[in-house]
Amino acid sequence: MTEEGFNIVIFGLGHIGLPTASLFAKNGFKVVGVDINQSTVENVNSGISPIMEPGLNELVNEVVGSGNLRATNNASEAVKNSNVLIVIVPTPVDQNKCSDLSAVISACKMISNGLKKGDLVIIESTIPPGTCENVVIPILEESGLKSINDFKVAYTPERALPYNTLYEMTHNARVIGGIDAESSKKAVFLYEKITEGEVITVKDLMTAEMVKLMENTYRDTNIALANELAMVCESVGIDAIDAIKAANFHPRVNIHTPGPGVGGHCLSIDPYFIVEMAKETNNPSKLIKTARNINEHMPHHVAHIIEKALQEVDKSLNGSTIGVLGVAYKGNVADARETPAEPLIIELSSQDARVMAHDPHVNSEIIMAMGAKPVSLKEALKCDCVVLITDHREYFDITPKMIEKSVFVCTRPILDPEKFREEGVIFKGVGRP
Ligand code: SAJ
């Protein structure tokens, strides 16, 4: 097999699709990216990355310049001239916490319309186990071709950490499951070209689908445990952050970090795919659902901590100014999807607090859409209560003197409570007594 034998089409030029397309292009493959968003197509074709990701803009510029990557919204033309079709489109959950596969279905229909003998279809989108067999392949077979005999199918989940995507995509191990050995072999050949990490094959498509969900569920459940321990410690006067740090010295213990809740497009969504699958088999997944409930409860818990801290200075939420530091879902990123800051802002506003928010990475329109007034860091620090939600690098240098009204709720373990308390600041936080 050689790079020349493969013409790749990638459906979805988002946070994962664009870096993947660019890495294949950099490694000598001819790649066409299909996206429904016209401005994404135009940006990419001008050598600009619409996604904020370290190193991506330079890479897109290089591979578009070399002629190996181009973008289009003409799916049928792209499918006609290719033999590898990779689907990397979003799979959110709907209001009932069930997977919304509409983007995957739509991409598969476009592929099916132009599918040819010998094509390889690879799904990267996060999906409930069984989706390749029960949804993807039946759509592809509407083409009149038969899987295994006429076309091949593989599933490989992406595992890159946002904002470290290019490094992780080129260094992390990859998991691949195919509908048959030939599908896996072809997919392994392709992904070995873009990662130095090990490329592992698992028995089948469904196992590979499950691996992805297990990884994010492990993390979400572990964080829920940390959050539950933190809330218990708060109520009995133990500093949970210190206790977890000490417990983690045990060689087989790795309790994650408590915080204001779990955001982002992965950990807060993927566990629901297991819950959904388990429900269908009459074998409810109690622990995973409970972990989600705990993590979704955290913004409400933070609101409660703020209320109690204000009471110590004879204030209530009603009429108080609250300065939220950080609305991004985690430190040093501009992404606010599923951020715990949003339900917190909504709850504080519903109790008639005047909520202002500062974030060095997230733009003002997003902050306003959450219901907070965008302000400078200086203004946020003047509020009746300052609440640190996101562990952005910029907040590591906050000192007690900067907290004007002396009430500080710090939901991430990035500052030393004693330093603040010594200077008369009422310092509270998740896991802090
Ligand atoms: N968080 C905590 N405590 C912790 C760690 C994280 O409260 O100890 C919070 C963060 O603040 C954030 C959320 O959890 O709100 C998720 O952050 P994250 O850094 O754990 O994960 P993501 O969503 O940015 O990326 C995850 C990664 N999965 C794993 O590490 C198992 C990444 O490798 C996946 O590729 C990505 O999900 C994905 O696309 O699925």
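User: Is Lys-97 buried, partly exposed or exposed?
Analyst: In this predicted model, Lys-97 is partly exposed, since its relative accessible area comes to 36%.

User: Where does Lys-97 lie, and what about its phi?
Analyst: Lys-97 belongs to the loop between strand E4 (84–87) and helix H5 (102–114), and its phi is positive, about 60 degrees, although the residue is not a glycine. As background, most residues other than glycine have a negative phi.

User: Which loop holds Glu-338, and what is its phi?
Analyst: Glu-338, which is not a glycine either, has a positive phi near 55 degrees, and this residue is found in the loop between E9 and H13. Glu-338 is partly exposed, with a relative accessible area of 45%.

User: Staying with that loop, is Asp-335 buried or exposed?
Analyst: Asp-335, which is found in the loop between E9 and H13, is buried, with a relative accessible area of 9%.

User: Tyr-329 makes me think of the ligand; how many residues surround the ligand, and which are the closest?
Analyst: The ligand is surrounded by 21 residues, and the closest are Glu-158, Lys-212, Asn-216, Arg-219 and Tyr-329.

User: Which polar atoms of the protein lie 2.7 Å or 2.8 Å from the ligand?
Analyst: An N or O atom in the side chain of Asn-216 is 2.7 Å from an oxygen atom of the ligand, while a polar backbone atom of Arg-159 is 2.8 Å from an oxygen atom of the ligand. For Thr-257, a backbone N or O atom lies 2.8 Å from a nitrogen atom of the ligand.

User: Changing topic, what is the order of the strands in the open sheet?
Analyst: The open sheet is formed by six strands in the order E11-E10-E9-E12-E13-E14, and their pairing is parallel. Strand E11 (373–374) and strand E14 (426–428) stand at the edges with a single partner strand each, so one side of each has no neighbour in the sheet.

User: What packs on the sheet?
Analyst: Helix H13 (residues 341–350) packs on the sheet, where it touches strand E9 (321–325), strand E10 (354–358) and E12, and the direction of H13 makes about 155 degrees with that of E10.

User: How many bridges join E12 to E13, and what stands opposite Val-386?
Analyst: Strand E12 (residues 385–388) and strand E13 (residues 407–410) run parallel and are joined by three bridges, and the residue opposite Val-386 is Phe-408 in E13.

User: Last topic: how many disulfides does the count come to?
Analyst: The count comes to zero disulfides, with a cut-off of 2.5 Å between cysteine sulfur atoms.

Note on methods: Residues are numbered from 1 along each chain as its sequence is written. This is a predicted model: local features need pLDDT of at least 70, side-chain atom pairs count only at pLDDT 80 or more; totals for chains, interfaces and linings use all residues. Side-chain values use heavy atoms; hydrogens and water are left out. Two strands pair if DSSP finds at least two bridges between them. Helices (H or I, at least four residues) and strands (E, at least two) are DSSP runs, numbered from the N terminus. Contact means heavy atoms within 4.5 Å. Axes are lines fitted to C-alpha atoms, for helices over the stretch in contact, and angles run from 0 to 180 degrees between N-to-C directions. A residue is near a molecule or strand if one of its heavy atoms lies within 4 Å of it. A polar contact is a pair of N or O atoms within 3.5 Å; within protein, one must be able to donate a hydrogen and the other to accept it, and residues adjacent in sequence count only if both atoms are side-chain atoms. Buried means under 20% relative accessible area, exposed over 50%, partly exposed in between (1.4 Å probe, protein chains only).
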